[in-house]
Amino acid sequence: MGKTYHPNFDLTLDECRAVLDAIGGLVIVDENGIIKYFSDDIRSGIEKLNSKKLPEKIVGKKIRDVHPTTKIIQALEEGSKDEIQIYYGSGTLNVTRILPVKSNGRIVGAVDLDVFKTSWELALFLNRIKELEKNGTIKLPETIEEFSHQRRQRIGKYTVADILGNSPEMNKLRDDIYQLMESTSTVLITGETGTGKEIASHALHNISGRQLFPFIEINCAAIPENLFEAEFFGYEEGTFTGAIKGGKPGIFEQANNGTLFLDEVDQIPWHMQPKLLRVLQEQEVSRIGGHKIPINVRIIAATNKDLKKMIVSNEFREDLYYRLNVVNIKIPPLREHKDDIPVLVHHRIARMNHILNRNIRGITPDALSLLRQYSWPGNVRELFNCLERAINMCNQDMLTLDHFADIQYYAREEQLRSSYQTTLSNGLEALLHSTEKNAIEHALRISDNNKTKASQILGIARTSLHNKIKKYGIHLK
């Protein structure tokens, strides 16, 4: 019998060395500054810089003896952090990343990694950044202070990794979002309530060039109708009684250079829709009582309504719909990708264990089977709420059927409704057939099986009667 092959996914020492050689621009030292790894391209650069050959064997020597100007020693100091260094020498401009290596909280070495292998790679990168800034895909902050301020404002909590599931539907959703990585177009996210439209909007922002800038999230259903204009466009000081001193920027100004997420966009009042359309078209906004301000904002809108039906009923402007629906992303309901339920369940259990300080190991097969049978009209949000409730009520280490009594009831109700509808549609046809057959048999009986008289009694043609006798298998006596 042949030997069973068990794949080993651990890297061997030779494979690790091959990976390090492929990376290049890398120096690794131990806690005493002794070289553990030294890339060949670093050797060539130092030899060129100093106009002299380095020893054949570098590993095992002190880094100071080989590379006196290196900053890697700083990473060995207690409390040192990952940092970026820019260096220039012998016509070479590059960026290096220096970071300590820790084990059990103690610094045991350090790594010095050139971000670019050559000045040419750095130049290509900088040119690409300039191109992206020029076409409006990204706008980098001009100062560290501006960057820090924008980082504090950034509230995009979710990334593409938070879109859970391995079904074709979820794979397509992630692919659609990746496809928009460099796009600045307006996106309309559609889907039922509870499907995860908010997560998709955050992921779109965090994968784009605007991720360093604000992500402003507004639920249009939560804004009183008389406050929409002030919230959206802001106002100047003294515009009305109660106006804040110095005025207030609207959400477009707050989201400048970043992303504005308009959730439940169908709730924007009719009178506000042309004003929003104008802002989207002109890329400028006017505070109440103020002058026009140019803005650079990407809009992501979301709705669980059929906006086309709202257009027909004059609840939503057609021109605004087409301006928002440049790119459409549809989030499928959970009932259309039930194969993802086990992934969602185990992820939520782990998450709730952390939040609630519990130690639930998992869920029994019959309980998981029940969750896969239910249609989840509230989608992923309903599933997560159901699991949180079950975990709170669980006093053992596994979730069982007993913890989902409400879902058992709802699933049974669904099954009964489905069975009733099937029976009703099938039963009506059966009832009509039974009634027609009984009427024909009665007419034949009182006419002594005379088909002509029976057809006259029934008010149908004799040929029709003959066909129905054959259809119902009626035997003449």
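In what order do the five strands of the open sheet stand? The order is β7-β10-β13-β6-β14, and the pairing is parallel. The structure is a predicted model, and its protein chain averages a pLDDT of 84, with 85% of the residues scoring at least 70.

**Confidence**

- Among the elements of the protein chain, strand β6 (residues 187-190) has the highest mean pLDDT, at 97, whereas helix α5 (residues 144-153) has the lowest, at 53.
- Over residues 1-6 the pLDDT is below 50, and this stretch has zero contacts in the model beyond near neighbours in sequence.
- Where pLDDT is low, the predicted coordinates should not be read in detail.

**Helix α13 with helix α15**

- Helix α13 (residues 341-356) packs against helix α15 (residues 379-393) at an angle of about 50°, with the two axes 10 Å apart.
- That angle makes α13 oblique to α15, and the crossing of the two helices is right-handed.
- On the α13 side the contact involves Leu344, Val345, Arg348, Ile349, Met352 and Leu356, which meet Val380, Leu383, Phe384, Leu387, Glu388, Ile391 and Asn392 in α15.
- By class, the residues of the contact of α13 with α15 divide into 10 nonpolar, one polar and two charged.

**Helix α13 with helix α14**

- The axes of α13 and helix α14 (residues 365-373) come within 10 Å and cross at roughly 120°, which makes α13 oblique to α14.
- Helix α13 passes α14 in a right-handed crossing.
- Here Ile341, Pro342 and Val345 in α13 meet Leu368, Leu371 and Arg372 in α14, so that Val345 is listed in the contact with α14 and also in the contact with α15.
- The contact of α13 with α14 has five nonpolar, no polar and one charged residues.

**Helix α17 with helix α18**

- Helix α17 (residues 451-458) and helix α18 (residues 462-472) pack with their axes 9 Å apart and at an angle of about 100°, and that angle makes α17 roughly perpendicular to α18.
- The residues that make this contact are Lys451, Thr452, Ala454, Ser455 and Leu458 of α17, together with Arg462, Leu465, His466 and Ile469 of α18.
- Sorted by class, the residues of the contact of α17 with α18 are four nonpolar, three polar and two charged.

Note on methods:
Residues are numbered from 1 along each chain as its sequence is written. This is a predicted model: local features need pLDDT of at least 70, side-chain atom pairs count only at pLDDT 80 or more; totals for chains, interfaces and linings use all residues. Side-chain values use heavy atoms; hydrogens and water are left out. Axes are lines fitted to C-alpha atoms, for helices over the stretch in contact, and angles run from 0 to 180 degrees between N-to-C directions. Helices (H or I, at least four residues) and strands (E, at least two) are DSSP runs, numbered from the N terminus. Angles under 35 degrees count as roughly parallel, over 145 as roughly antiparallel, 65 to 115 as roughly perpendicular and the rest as oblique. A crossing is left-handed if the near helix is turned anticlockwise from the far one by less than a right angle, and right-handed if clockwise. Contact means heavy atoms within 4.5 Å. Ala, Val, Leu, Ile, Met, Phe, Trp, Tyr, Cys and Pro count as nonpolar, Asp, Glu, Lys and Arg as charged, and the others, Gly among them, as polar. pLDDT is the predictor's confidence in each residue, from 0 to 100. Two strands pair if DSSP finds at least two bridges between them.
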